[in-house]
Amino acid sequence: MSSTESPSVPAASVLPRVAPVRVGEGERMRSVRLPGVTLSLRSRRPARAGLPPALYVHGLGGSSQNWSQLMVRLDGVVDSEAVDLPGFGDSPPPDDGDYSVTGHARAVIRYLDAAGRGPVHLFGNSLGGAVATRVSAVRPDLVRTLTLVSPALPELRVQRTAVPTALLGVPGVAALFTRLTKEWTAEQRVSGVMALCYGDPARVSPEAFRYAVEELERRQQLPYFWDAMARSARGVVNAYTLGGQHGLWRQAERVLAPTLLIYGGRDQLVGYRMAQKAARSFRDSRLLSLPDAGHVAMMEYPDVVAGAFRELLTQAGSAASADAVVPVGSVDSGEAAGGDVTATSTGS
């Protein structure tokens, strides 16, 4: 079944009522209706007028809430908004059922065009990293800088630990997995996801774990939950197979915006070995390596990621020399929990 076939879930207007999404202190949620899609956006009130806009795009199975910690730390630096991609968080499925990387990128572009917020500082994690790369390549006018945390870019040799996630895209596998795990509690499911996504799951606070369980319980009541997961996973796999000008690595080479790349040494979903390839592919890139981080560094080490982004702004503004070593002076080395922080800059 193609990811562009008609959706197999009820229209948003007849979806069952579920508990509202959690909104953190200082946050607000709003919904925007666009052609073919309705998007929910999480934002923080700007610390002052005139701050440059930023947009954050989450990964597979995630939501705008994945960026809450980083958004707090960038108060006073940018005017932050995080989007729930179609079918995730509080956004209903897209009208056409298109969960491909291109479909998600189209939704982001439609929002930025409609809102008139571009160019933005664009952030993406995992699937959101692939989406942000495509947006940056095809609409450079919308992107001021690009920050990618473990972006889901094609790998020739996928890690074995990432195979089960990729298999969700195979027709029937999501339904089979649901049947096989029907006795699992939300706590067990969340523990499994955190073991896969975090370099050290012990860093998750009891409060954050409880919020994650509540969010999973909410999402499991939505009839399109597994459909959105399976089709988006299929969209990532399909994007890996595209060649030519539509290939993600070819599009990475076309990105003009100054780019910050963040990779975790304990990432079980995106190979740490891809960091150097990414640094070579994006023409104006800085690489931040976090040996102890997993797949969601912005949630594990938000202070480090925020510090690296501030330095990106400084470097982009001062046009740092190509191939210079970038000091990480504003980063608290203690945040790395025993791991080294490596940052290098490359340019064309």
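Tutor: A residue is called buried when its relative accessible area is under 20%, exposed when over 50%, and partly exposed in between (1.4 Å probe, protein chains only). This is a predicted model, in which local features need pLDDT of at least 70 and side-chain atom pairs count only at pLDDT 80 or more, while totals for chains, interfaces and linings use all residues. Residues are numbered from 1 along each chain as its sequence is written, and side-chain values use heavy atoms, with hydrogens and water left out.

Student: Which residues in helix 2 are buried?

Tutor: Helices (H or I, at least four residues) and strands (E, at least two) are DSSP runs, numbered from the N terminus. Helix 2 covers residues 101–115, and Gly116, with a positive phi near 65 degrees, follows it. The buried residues in helix 2 are Val101, Gly103, His104, Ala105, Ala107, Val108, Ile109, Tyr111 and Leu112.

Student: How many helices and strands does the chain have, and what percentage of its residues count as buried?

Tutor: The secondary structure comes to 12 helices and nine strands. Of the 348 residues of the chain, the share that counts as buried is 53%.

Student: Which residues have the most contacts inside the largest nonpolar core?

Tutor: A nonpolar core is a set of buried Ala, Val, Leu, Ile, Met, Phe, Trp, Tyr and Cys residues joined through side-chain atoms within 4.5 Å. In soluble globular proteins, nonpolar side chains tend to be buried together. The largest core here has 50 residues, and those with the most contacts inside it are Leu55, Leu122 and Phe282.

Student: Which helix gives the most to this core?

Tutor: The largest nonpolar core has 50 residues. Seven of them come from the element that gives the most, helix 2.

Student: Is Phe282 buried or exposed?

Tutor: Phe282 lies in the loop between helix 10 (274–281) and strand 8 (285–290). Its C-alpha is 8.7 Å from that of Trp249, although the two are 33 residues apart in sequence. Because its relative accessible area is 1%, Phe282 is buried.

Student: How many residues of helix 3 are buried, and what covers them?

Tutor: Helix 3 (residues 127–138) is mostly covered, with 11 of its 12 residues buried. Contact means heavy atoms within 4.5 Å. The cover over the buried residues includes strand 3 (53–57), helix 2, strand 5 (120–125), strand 6 (143–149), helix 8 (225–241) and helix 9 (248–254).

Student: With which residue does Arg117 form a salt bridge?

Tutor: A salt bridge is a side-chain nitrogen of Lys or Arg within 4 Å of a carboxyl oxygen of Asp or Glu, and by this rule the count comes to 17. For Arg117, the closest N and O atoms of the pair are 3.8 Å apart, and the partner is Asp79. The pair links distant parts of the chain, 38 residues apart, with Arg117 in the loop between helix 2 and strand 5 and Asp79 in strand 4 (residues 79–84).

Student: Why does Glu155 count as buried, and why does Arg273 count as partly exposed?

Tutor: The side chains of Glu155 and Arg273 meet in a salt bridge (3.3 Å, N to O). The two residues are 118 residues apart, so they link distant parts of the chain. Glu155 counts as buried because its relative accessibility is 8%, whereas Arg273 counts as partly exposed because its relative accessibility is 37%.

Note on methods
Expected span 1.5 Å × (residues − 1).
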